[in-house]
Amino acid sequence: MKSAVIVFPGSNCDRDLADAITKVTGIAPTLVWHAETSLPDRLDFIGIPGGFSYGDYLRSGAMAARSPVMQAVVQAAGEGRAVLGVCNGFQVLTETGLLPGALMRNAGLNFVCRDVRLEVANSQSIFTSRYATGETVTIPVAHHDGNYFADAETLARLEGEGRVAFRYAESVNGSAHDIAGILNDAGNVLGMMPHPERLIEDAQGGTDGRRMFEAVQAALG
Amino acid sequence: MAAPMKATVTVTLKNGVLDPQGRAIESALKGLGFDGVGDVRAGKIIELELADGTSRETVEAMARQLLANTVIENFRIEMP
C-alpha cells in the first residue's frame, strides 16, 4: 500500500499517523509538505493529520483547506483514492467540501482531551471493516472544535445513506447526532475527530485504532 | 495620496447555529450584574485594504471562498 501523509505548518500528529501506517503496513508513507502542488504517483492512501494547521487562524482547517497540496488531495479523492482525516484533518476535509458540514467550538467550550467510547455506526467501509456495526471501541480525542454541525437535510442524508461511521457513546462536544466520524458519498473519504493512530500497540494503552489501518491495508493491499 | 480603498466584512453565525462563545459571554455579563441581556452572538470583523476599483463581486467571492464558511456563517460587506 503506497501512502502519503500531508504536513501543514502546525500539524502535530503527522509523525504519529506516519508511524501508525508504517507499523501496520510495513511501508513508510511519504510526508508531503503543504506547499507541494502534486502528490506522489499511484498513491493508495492519503492521511490528513491532526494538529493546529496554520494556528487555527480564521477557522480550524480553513487555511489548510486552501493550501496548494489540498487541490491535489481533492483531485485524488475524486479519482477514488482513500483519504483519512483525523481531528484537524477532519476539519480540513469539511473546509475543502470533501465532507459536508462543519466542526464548531465544543458546546462546553472546553478543550476535550481524553479517551472516549465510540459506537461503530457503519462497518461496511474500507476504513471500518475490521469493526462490527454497533461495537463500542475506546479511542482518544483531543480537540477544541469537534462539535459537528450540518443542516437537518444533510444530517438526514448522512443517516439515510449510512455515512455516519462513528458516534460518541458518551457526551463529548455537543455534536449533532453524536457524530464523531463521517464518510463521503463514495465511501473513500473518512473524517473523524478521535485519533485511531494513537492506539496501534499495547504500549499505547490499547489497539482499538490499529484495526482501522489493518482494514485499509486489507482493502487496498 | 488618497487613503486606500477599504472593505469591511462582518462574519456572523447563522441563526439556529448554536454559539457557545456567545452563550459564555451572555452568562459572564449576567455574572457581572448586567440585567436584561438576552441572546448574545459573537462574530468577527475582517478589514481589507483593496486596490481602487475592486468590485463588490470580488469581495463577495473572497467571503464565499475563504472569509466565511457558508455552512455555518453569514457575511455582510461594507465598502464604498
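Hi everyone. Please keep in mind that we are looking at a predicted model.

Let's start in chain A. Helix α1, residues 14-25, packs with helix α6, residues 210-220, and their axes are 10 Å apart at an angle of about 60°. The two helices, α1(A) and α6(A), are therefore oblique to each other. Their crossing is right-handed. And which residues of α1(A) and α6(A) meet? From α1(A) we have A20(A), I21(A), V24(A) and T25(A), and across from them in α6(A) are R210(A), F213(A), E214(A) and Q217(A). Sorted by class, the residues of this contact are four nonpolar, two polar and two charged.

Now over to chain B, and its sheet. Three strands form an open sheet in the order β2-β1-β3, with antiparallel pairing. At the edges sit β2 (43-50) and β3 (73-78) of chain B, each pairing on one side only. From one strand to the next, the twist averages 20°. Helix α2 of chain B, residues 56-67, packs on the sheet and touches β1, β2 and β3 of chain B, while its direction makes about 155° with that of β3(B). If you'd like a closer look at the pairing, β1(B), residues 5-13, and β2(B) run antiparallel over eight bridges. A7(B) stands opposite L48(B) in β2(B).

Last, how do the chains touch? Nine residues of chain B are in contact with eleven of chain A. On the chain B side, helix α1, residues 20-31, gives the most, with three residues. That side of chain B has seven nonpolar residues, two polar and no charged ones.

How values were computed
Residues are numbered from 1 along each chain as its sequence is written. Chains are lettered from A and ligands numbered from 1 in the order in which they are written. This is a predicted model: local features need pLDDT of at least 70, side-chain atom pairs count only at pLDDT 80 or more; totals for chains, interfaces and linings use all residues. Axes are lines fitted to C-alpha atoms, for helices over the stretch in contact, and angles run from 0 to 180 degrees between N-to-C directions. Helices (H or I, at least four residues) and strands (E, at least two) are DSSP runs, numbered from the N terminus. Angles under 35 degrees count as roughly parallel, over 145 as roughly antiparallel, 65 to 115 as roughly perpendicular and the rest as oblique. A crossing is left-handed if the near helix is turned anticlockwise from the far one by less than a right angle, and right-handed if clockwise. Two residues are in contact if their C-beta atoms, placed from the backbone, lie within 7 Å. Ala, Val, Leu, Ile, Met, Phe, Trp, Tyr, Cys and Pro count as nonpolar, Asp, Glu, Lys and Arg as charged, and the others, Gly among them, as polar. Two strands pair if DSSP finds at least two bridges between them.
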